[in-house]
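The structure is shown first.

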Amino acid sequence: MTYRKMPGAALGAAPATTTAATPPEDDLSLQVTRRPRPGRWLAVLAAALFAVWLAYTVIVNPNLHWDIVAKYQFDGVILRGLGVTIQLTLVSMALGIVIGVLVAVMQLSDSPVLRLTAGAYTWFFRGTPLLVQLIFWFNLALLFPVISIGVPFDGPKIISWQSNQVITGFVAALLGLSINEGAYMAEIVRAGMQSVDPGQREAGASIGMSNRQILSRIILPQAMRVIIPPFGNQFISMLKTTSLVSVIAGADLMTVSQHLYLANFEVVALLLVASLWYLVLTTIASIGQHAVERRYSPGAAPPLRRRVLANLVPRRGRKEAAA
């Protein structure tokens with residue numbers, strides 16, 4: 001091996017480096033100043049003044065009886081209606097999620113019959129007003145006076161019930177809210193499932209996972225990041241939508257508030273009582289939604305990937321690895 005001597009440099013000498021002249025330290029310090037924006041401050045001042053004026057006008061209004069508001073805010077009748085509203089919201093959302101997942105899986109199925117059935121379901125229940133659906137379920141006895149289980153086409157009946165005894169106001173509200181919510185949740189879940197890379201399904205199938213395992217261990221955990229934000233909005237919307245069951249005497253918060261102000265004629269005060277409770281419920285739901293969104297935010301991707309990968313490893317392999 002031979003070395004060729006470079007001109008102007010000794011053999012083994014370190015290569016020459018060129019350093020740019022660094023400016024003095026004073027030149028590196030930059031002072032950033034914000035441009036004055038008087039219009040923004042004027043807008044903030046105007047909004048603050050309007051909010052103060054509005055609050056003052058409402059508080060000192062002699063026609064708004066705050067003593068009635070304070071009297072009924074924690075009244076037993078109001079609290080029972082509040083409990084019914086919470087029950088309707090939780091149960092309807094739970095049933096709506098189950099229906100939505102099933103319908104979303106049907107929409108993404110290879111069977112044209114399942115896709116057509118799921119499409120017809122979402123088309124009908126999203127295309128008709130919820131108020132009409134609630135009234136229909138409440139008056140189901142006009143169409144089917146007797147609900148029975150048995151052999152179809154006029155065959156023998158095993159057991160029967162009177163529709164008026166089964167379809168109460170609460171049951172009608174539950175049917176209307178949950179079935180309607182299932183149609184919207186189906187589209188939300190479908191969009192979340194379609195956001196997952198198709199290669200994830202192929203990877204699960206390549207290691208012998210069934211379709212159910214792929215759905216529960218790979219697709220749905222990764223789709224949650226897309227599903228959670230609209231699901232939170234739907235939950236908050238459901239809290240307020242339960243007020244529609246007042247038209248069928250659902251015994252919810254709005255219904256009992258109506259009964260009270262029809263008796264004492266304190267319409268505005270009782271409506272304010274109901275509004276304050278709705279604000280409390282939606283505020284709590286918004287805080288929960290924010291916490292769940294942070295859990296499934298992009299910053300939580302590594303733990304999510306670790307859970308998905310852990311589900312991909314068969315249990316037998318994990319036991320062998322642990323041994």
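## Aromatic pairs

There are 5 aromatic pairs, a pair being two rings of Phe, Tyr or Trp (its six-membered ring) with centres within 6.5 Å, called stacked when the planes are under 30 degrees apart, edge-to-face when over 60 and tilted for the rest. The rings of Tyr121 and Phe125 are tilted, because their planes stand at 50 degrees, with centres 5.1 Å apart.

The model is predicted, and local features need pLDDT of at least 70, side-chain atom pairs count only at pLDDT 80 or more, while totals for chains, interfaces and linings use all residues. Residues are numbered from 1 along each chain as its sequence is written, and side-chain values use heavy atoms, without hydrogens and water.

## Tyr121 and the nonpolar core

Tyr121 counts as buried at 16% relative accessibility, where buried means under 20% relative accessible area, exposed over 50% and partly exposed in between (1.4 Å probe, protein chains only). Tyr121 is among the residues with the most contacts inside the largest nonpolar core, which has 22 residues; such a core is a set of buried Ala, Val, Leu, Ile, Met, Phe, Trp, Tyr and Cys residues joined through side-chain atoms within 4.5 Å. Helix H8 gives the most to this core, with 7 residues, helices being DSSP runs of H or I, at least four residues long and numbered from the N terminus.

## Ser92

Ser92 lies in helix H4 (residues 76-107) and is buried, at 0% relative accessibility.

How values were computed:
Helix = DSSP H or I, 4+ residues; strand = E, 2+ residues; numbered from the N terminus.
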